[in-house]
Amino acid sequence: MSTRPQLSLAQRKRQLVSDELTEAALQLLALKGFDTVTVDEIVAAAGVSKRTFFRYFASKEDVVVQFLAGMGADMRAALAGRPAGEAPAEALLHAVRVPVTTCAADSERALRVVQLILRTPALHARFLERQVQWRDDLAGELAARVGLDPEADLYPRLATGTALNAFHVVLERWSASDAAQDPVALLDEAFAVVAGALDR
């Protein structure tokens with residue numbers, strides 16, 4: 001469940017247009033490949049003008065990255081909501097499980113996007129950039145939970161980086177299996193491997 005704030009009517013309309021553009025782009029990109037699809041094709045499929053497209057997105061890469069936009073905020077909110085005395089590994093598992101559960105719930109659409117991101121170098125690079133931001137945001141939250149300074153102490157960034165690396169490996173395995181494997185079960189398996197390093 002998302003903890004993002006309620007949107008105004010204008011914001012909801014803007015979000016609806018953004019979602020329609022994103023969905024049209026994802027369908028085209030999955031069908032034809034990232035490099036062959038043009039912005040003109042995306043706007044034609046979405047039924048909007050090119051000008052409208054560029055009010056929402058700077059490039060077609062941004063359309064795909066938009067799919068990831070709320071993941072970091074949701075993981076941080078999930079980590080903040082965990083019980084105060086919970087072990088870091090358990091708290092981080094629950095935080096990272098949020099986007100993995102979303103993938104499992106809408107596996108056909110999520111698989112299309114994940115495969116597109118992992119198989120397209122430009123998108124993969126953007127995804128990795130996003131994960132660095134998530135790591136730093138989660139590190140701030142984890143540091144507050146364990147009473148450390150996220151700038152001075154190595155542990156918060158190392159722990160959250162490890163958790164996000166587990167998340168990334170799970171997405172790779174799930175994507176390679178064409179969603180045949182359960183991503184939540186894969187994440188639990190990954191965290192069983194790294195939990196000892198996460199709990200100091």
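Predicted model: local features only at pLDDT ≥ 70, side-chain atom pairs only at ≥ 80, totals over all residues.
I started with Ala-159, which is buried at a relative accessible area of 3% (buried is under 20%, exposed over 50%, partly exposed in between, with a 1.4 Å probe and protein chains only). Residues are numbered from 1 along each chain as its sequence is written, and side-chain values use heavy atoms, with hydrogens and water left out.

I found Ala-159 in helix H9 (helices are DSSP runs of H or I with at least four residues, strands are E runs of at least two, both numbered from the N terminus). Which residues does Ala-159 touch, not counting those up to four places away in sequence? I get Leu-92, Leu-142 and Leu-198, with contact meaning heavy atoms within 4.5 Å. I also checked Val-114, which is 45 residues from Ala-159 in sequence and 24 Å away, C-alpha to C-alpha.

Arg-157 is in helix H9 too. Arg-157 counts as partly exposed, at 26% relative accessibility. Skipping residues up to four places away in sequence, I see Arg-157 touching Arg-135, Asp-136, Ala-139, Pro-150 and Glu-151. Between the C-alpha atoms of Arg-157 and Ala-46 I read 40 Å, for 111 residues along the chain.

I then listed the contacts of Phe-167, leaving aside neighbours within four places in sequence: Met-71, Val-96, Pro-99, Val-100, Phe-127, Trp-134 and Leu-187.

**Entry: H5 against H6**

Helix H5 (residues 71–80) packs on helix H6 (residues 88–105) at about 150°, and the axes are 8 Å apart. Axes here are lines fitted to C-alpha atoms, for helices over the stretch in contact, and angles run from 0 to 180 degrees between N-to-C directions. The pair is therefore roughly antiparallel (over 145 degrees; under 35 is roughly parallel, 65 to 115 roughly perpendicular, the rest oblique). On the H5 side I noted Met-71, Asp-74, Met-75, Ala-78 and Leu-79; on the H6 side, Ala-91, Leu-92, His-94, Ala-95, Val-96, Val-98 and Pro-99. By class, the contact has ten nonpolar, one polar and one charged residues. For the classes, Ala, Val, Leu, Ile, Met, Phe, Trp, Tyr, Cys and Pro are nonpolar, Asp, Glu, Lys and Arg charged, and the others, Gly among them, polar.

**Entry: H5 against H8**

I repeated this for helix H8 (residues 121–146), whose axis comes within 10 Å of that of H5 and crosses at roughly 10°. That makes H5 roughly parallel to H8. Met-71, Gly-72, Met-75, Arg-76, Leu-79 and Ala-80 of H5 meet Trp-134, Asp-137, Leu-138, Glu-141, Leu-142 and Arg-145 of H8.

Which loop holds Asp-178? The one between H9 and helix H10 (183–198). Asp-178 has a positive phi of about 55° although it is not a glycine. Ala-179 lies in the loop between H9 and H10, with phi near 70°, a positive value in a residue other than glycine. Ala-179 is partly exposed, at a relative accessible area of 26%.
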